[in-house]
Amino acid sequence: MDNNPVNPWLGQLILEYRRNHPDDELRRGYRDYIRGGSTKYSWADYVGRTALNDYASENPVFLMPRSEMPLPEHTRDILNYHYILCLADLMQMTIDELDLVFTDKQELQLVISFLADNNLHLCSWPEYTYKLCIESIDRERENFDEILNRKLESIKQAFPVSDLGKLTRTQYYKEAIHLYEEAARYAQRHDCCVTVCKELYYSYCSIMETGIIRFHLSIEYAGHVFDRLIYYSQICDATPLELAVSYGEYGDLFYLKGLNTRALEKYKTALDLVIDEPQETDRDDAISRFYSMMGSCYRGLKYYDNAIESFNKALEYLDDLSFLDDWAQHRKNRMESAYSSLADIYEEIGNQEKADYYHNLAGDNDPDHNSDSPF
């Protein structure tokens, strides 16, 4: 054990166990444990785990897996993120720790009510407390997660993001979708770790754009995949920028389907997540992209004033990257794309003077110039 105080509930179990089992008996068990080849646990860990396993065997309700707890999926997934695999793990949370885990106090109350229904109550302690797991449950969970990880790695090796060209053929794309669906079902069936599920859906989302463009993939299907990524990202305390990027890519799917109003909703959500965050390179680059895509959507809806404002906002944030040499070409391409879009808008509204001005900034008159895409 480390220097943290033992959880009060666990401490009481250990105390009762030691009262009923002489030290000589425990030490013989520990020597046999070590002779068996294990070097994983100290004496104190061994006694604690033995006491916990003994108590759970006599009171099997404490072996109740998380998946069987009568709680909403979101509540159970938050417990999942905090590695609460069974009721014995939950009992080792103090009420103080659980209060920090749940920002939604209604969810906290659901957990407290569930425990009360089983005549159980969490202890209170002002500090973090040391906890122990039921080893058999822990090993089973690790095994499920490892299998899911292997499934995911196998898919990524078969369909690497760096070589999505093979996905342009229907057979390969359908195979990739099938493998991702199979992995997702496995994760659901075995209540796998939410951090692994997040990685699964992050990888899954990487092929949604290909499906939308080439295979007429249902926007509802693709949206479900992104919804799950965002759900697991929120459970796993993703940063605002990580969430914003996911919402931005979600918006791209609607944009590609010509659903400009729905795309705007996602880009605005992405923007709201990071607009008040501390200024940094990746954040400013992301904001400029969201504004550019909003400009493209507004243009498609013929809200020209909004489109012009959005592209100018995009240029403002790109200007903040001007001092970074490594970003020079990226910034140049993005600025030229925004200028070119502004030129086209002014042509559409009949202002040729401004259209020519922005065409010139974009380099559209250069025969070797290639206009960048809105992405």
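Predicted model: local features only at pLDDT ≥ 70, side-chain atom pairs only at ≥ 80, totals over all residues.
View 1. Tyr 298 is buried, at a relative accessible area of 10%. The centres of the two rings are 6.4 Å apart, and their planes meet at 45°. A pair counts as stacked under 30 degrees and as edge-to-face over 60, so the pair Tyr 298 and Tyr 303 is tilted. The model has 20 aromatic pairs by the rule used here.

**View 2. Helix H15, residues 281-300.** The helix has 20 residues, and at 1.5 Å a residue H15 should span 28 Å. The C-alpha atoms at its ends are 29 Å apart, which agrees with that expectation. Of the 20 residues of H15, 16 are buried, so the helix is largely enclosed by the rest of the structure.

**View 3. Helices H14 and H15.** H14 covers residues 260-274 and packs against H15 at an angle of about 155°, with the two axes 9 Å apart. An angle over 145 degrees counts as roughly antiparallel, so H14 is described as roughly antiparallel to H15. The crossing of H14 past H15 is left-handed.

View 4. Lys 302 lies in the loop between H15 and helix H16, which covers residues 304-319. Just after H15, the chain takes a positive phi of about 65° at Lys 302, although this residue is not a glycine. Is Lys 302 buried or exposed? Its relative accessible area is 58%, and a value over 50% counts as exposed, so Lys 302 is exposed.

**View 5. Asp 237, in the loop between H12 and H13.** Helix H12 covers residues 219-235 and helix H13 covers 240-256, with Asp 237 in the loop between them. Asp 237 is not a glycine, yet has a positive phi of about 60°. With a relative accessibility of 56%, Asp 237 counts as exposed.

**View 6. A cluster of tyrosine rings.** Which residues do ring pairs link into this cluster? They are Tyr 180, Tyr 201, Tyr 204, Tyr 231 and Tyr 232.

**View 7. Charged side chains over rings.** Arg 27 lies over the face of Trp 43, at 4.4 Å from the ring centre. Lys 151 has its charged end over the ring of Tyr 186, at 5.3 Å from the centre of that ring.

Notes: Residues numbered from 1 in each chain as written. Heavy atoms only, no water. Helix = DSSP H or I, 4+ residues; strand = E, 2+ residues; numbered from the N terminus. Expected span 1.5 Å × (residues − 1). Buried < 20%, exposed > 50% of the residue type's maximum accessible area, 1.4 Å probe, protein only. Phe/Tyr/Trp six-rings, centres within 6.5 Å; stacked < 30°, edge-to-face > 60°. Lys NZ or Arg CZ within 6 Å of the ring centre and 35° of its normal. Axes fitted to C-alpha atoms, helices over the stretch in contact; angles between N-to-C directions. Parallel < 35°, antiparallel > 145°, perpendicular 65-115°, else oblique. Left-handed = near helix turned anticlockwise from the far one by under 90°.
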